[in-house]
Structures are given as structure tokens and as C-alpha cells.
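Please consider the protein chain shown below.

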Amino acid sequence: MWATPRMKYLSRSFGTLCRVNVQCRSLVTTTNSAQVIEQHQFYNEEQQKLQNAIKKLIDKEINPHVDEWETAGMWPAHKIMKLFGQAGFLGINKPVEYGGLDLDYKYQAAFNEALGGICAPGVGMGIGVQTDLTTPALARFGSEYLKREFLAPSISGDVVSCLGVSEPDAGSDVAGLQTSARHHGEDLIINGQKMWITNSWQADWICLLLNTSAGPPHLNKSLVCVPMKTPGIHLTKMIDKLGMRSSDTGQIFFDEVRVPAKNIIGEEGKGFTYQMLQFQGERMAMALSGLEPMKMCIQETLDYIRERKAFGQPLLNNQYLHFRLAELETELECLRSIIYRAVELYVHGEDITRLASMCKLKVGRLTREVADSCLQMWGGMGFTNEILVSRLCRDLRLFSIGGGADEVMLTIICKFMGTLPVPPKKNKKFIT
């Protein structure tokens, strides 16, 4: 079955993890036989082994500690990244020569879906930054030097990375970012700031999108690998967030930061294009990682209202409640179908910009609907910090904002539909 050395390594890695005797408390709900059949239809045997291995690692090393990390406002990124790196999980679809497994994207999709089993989505988000946000362009377009210096240690889990795109005045408007670099001999001198940066307080390097020339906004940007210990980098604010509280999020200032120009990923001026490509992977990762939390919301709520009694009978006997859960389950499975369709097309090299935008839009809206509807069924308990559904209600709200807001996704979809209004042409003034 294992035809290549990387496959044999993968088999040994999964097998070792699968034999771990997990004693810790697991908040991940069990799947029923129907869901098992569905997984068999989409993921092959090895992809299922991958998911099982990830779930065992999550149940042993992450879920027993998430309450503590939520309170602290930070997860132990270096420790967890190293564990995932040693298991081979941080380079699933990355080149073998840099420590990856060089498997197709469907394995990465299986990984992202399994990450959703973490009972604090902020931790899964931090891991996903390293696998799907900071390293795809580096692996595809980076020089040999950059891959050895930044990609290889990211895959092994020896370093933690973050992505620097958003700014205080340029969130959804990526073309409008102001952080810039000027050439000085063989170096770049960077000035500017980045905002809402996940992993920023623990990161060893940042994949930074900035302006490297004064040309058109879609042609003047570059992606640059910048070590976070470089003089002139200042983290000034740990952002206090509504949700994803176990994830460290910061504001970063760059004051005359000097890095070699050879740290530019690929061609100078192609950064906007490279980042748009990375956004597709990010949006698919978010869509996939939203499936399991919604399943957990529904299952946890179902178990609760089956036991909770009011007016002499279980709450579940209320027709509105069991009908509503049936509606949510139906919506979830419809979303799962379009996500799996997009994954298959992506694996076969198709442009999935339209579908990925639809998946991202729908997961953002459905996670809000599922979490809010389920929270309501918990009554007073839903307004406490003592249940998983409450945490998911806060955390999943980010899915409609981060990685491209709902409105950006709608704009992209409208472009494909040809329904965006054409801006009026400006009248040119001629001097006679």
C-alpha cells in the first residue's frame, strides 16, 4: 500500500500516534454510523488514518489544557508546533526535500477538518496560520535559500510564524496597505505597521506583505520573510478580543527594519498575486475547520436538551427544538458537500476562487446561525463561560470577519456573476 518512502514514514507516524493510550478528557463528540459512511466516501483510508492520528494528538496534548490557555490568553505555540512537526503534520502538502510529505491537497483538507476538533478554535487558528497562510507561497515561489531558512524549520515545528497583511486602515482593502520598504544597497528598509496579527507575540518570523515600489497597487507589492527579532520591530499591544482568546493577537510596528532583499519571496512586485493565491487556501482551511465545531454545537445541545426537563418532559420533546436541530444539521451537510466539491476541484488544479468564496461566506454565516440557535436552547447556562457552546458562539463569530469579510466574499461572487455595477468613467479635462 505504501509505495514511496514518504508514504512509509506517514504510515509509521500515524500508527504510532494511533497506539497512544489517551487518558485525558475529550470534548470532541463521537460520530454516528452515517457520518462514518460519509467520511469513507470522501476521504480514503490513509486520509482517515491521518485524521484519527490528529484527533488523538489533540485529545492528549491540547483539549485537556484549553481552559487554562483561554484564561491565560495564549497557547504554548512552540511546544504544540513541535509536537505537530514531529508527527509530520505541518508539511503535509509541502516538498519532501524541506521535511514535508508532498501529499495532495486532499490530505491537507483532512488535516484542516480534524483541527476543528480542538475545543478552543483559537489554537487551531494558530496552527493553521503556519500550514495554510505563511508557507504556501514560500513553498511554491521561494528561493532555495528562503526555503532552507524559513520553510524547513516551519515544517519541523522548530519555529512559529505569523502573516502580516492587515493594517489599521487596510483590512479588506489589501491593495490599500501602506507598509513599505525602500531599497538600500542589497537590503530593504521597512517602515509601517500591521494589525490583528495572529501568533505575533510568539512568532519567530513574519511573512510580510508590503509595498516595494511606487507603481500600481496590484503590481507594487512583495512578500518578504522577516525574522521577528530584527532590530526595529516593536510589538506594542496584545489585543483583547471577544473570542479566540487562547490565540495571541498583536499590533506590530516596523521602524527602519533592515532585511536582505533576497528575503523577497519569488519575484519582486508579485506579492499581491501570491497573497491572493494564499487567500484561497486560507479560505478553504477556514471552511473545513468550521465543520467539526458546528457538529459539536449541535451534538452537545442535543445531549443537553435530551436530559434537561421542563414542564414535566425533556426539552427535546418540544417540536420546535428538534425541528430546529434538524434544520441546522441539514444546512451543515449541505455546506459540507460544497466544501468537499471545492476540495476535489482544487486537487485537480482547477481555479476555485468562486467556490472558495462561497464556502467562506457560507461557513461564516452558518457558524453564527448554528452557535446562536444552539446557545438559545441552553437558556441561562448558555450565558455562562462554563459550556463549550458559549465559547464556540464567541469564537466562530470571527469566521465572517477574518480571512476576508462576508462582504468581500459577496463582491468576489458578484464579479463572477457579472452583477457588480460598473463605476462611471471620469471625464477627462483637456487643456486647449
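The account moves from the chain as a whole to one helix, then to the cysteines and a loop proline.

This is a predicted model, in which local features need pLDDT of at least 70 and side-chain atom pairs count only at pLDDT 80 or more, while totals for chains, interfaces and linings use all residues. Residues are numbered from 1 along each chain as its sequence is written, and side-chain values use heavy atoms, with hydrogens and water left out.

The chain contains 15 helices and nine strands; these are DSSP runs numbered from the N terminus, helices being H or I with at least four residues and strands E with at least two. Of its 432 residues, 53% are buried, where buried means under 20% relative accessible area, exposed over 50%, and partly exposed in between, with a 1.4 Å probe and protein chains only.

Helix α15 spans residues 406-417. Its 12 residues reach 16 Å from the first C-alpha to the last, close to the 16 Å expected at 1.5 Å a residue; the expected span is 1.5 Å times one less than the number of residues. Which residues of α15 are buried? They are D406, M409, I412 and I413. These four lie on the same side of α15 because they cover an arc of only 125 degrees around the axis, the arc being that of the directions from the helix axis to the C-beta atoms. On the other side, E407 and K415 are exposed. The cover over the buried residues includes α10 (271-289) and α13 (353-377). Just after α15, G418 adopts a positive phi of about 75 degrees.

The structure has zero disulfides, a disulfide being a pair of cysteine sulfur atoms within 2.5 Å. For C393, the closest cysteine sulfur is that of C297, and the 7.6 Å between them is too far for a bond. C393 is partly exposed, with a relative accessible area of 24%; C414 is also partly exposed, at 24%.

Finally, P168 sits in the loop between β1 (161-164) and β2 (180-184). With 36% relative accessibility, P168 counts as partly exposed. Its C-alpha is 9.7 Å from that of Q178, 10 residues away along the chain. Beyond its neighbours within four places in sequence, P168 is in contact with Q193, M195, W196 and Q251.

Technical notes:
Contact = heavy atoms within 4.5 Å.
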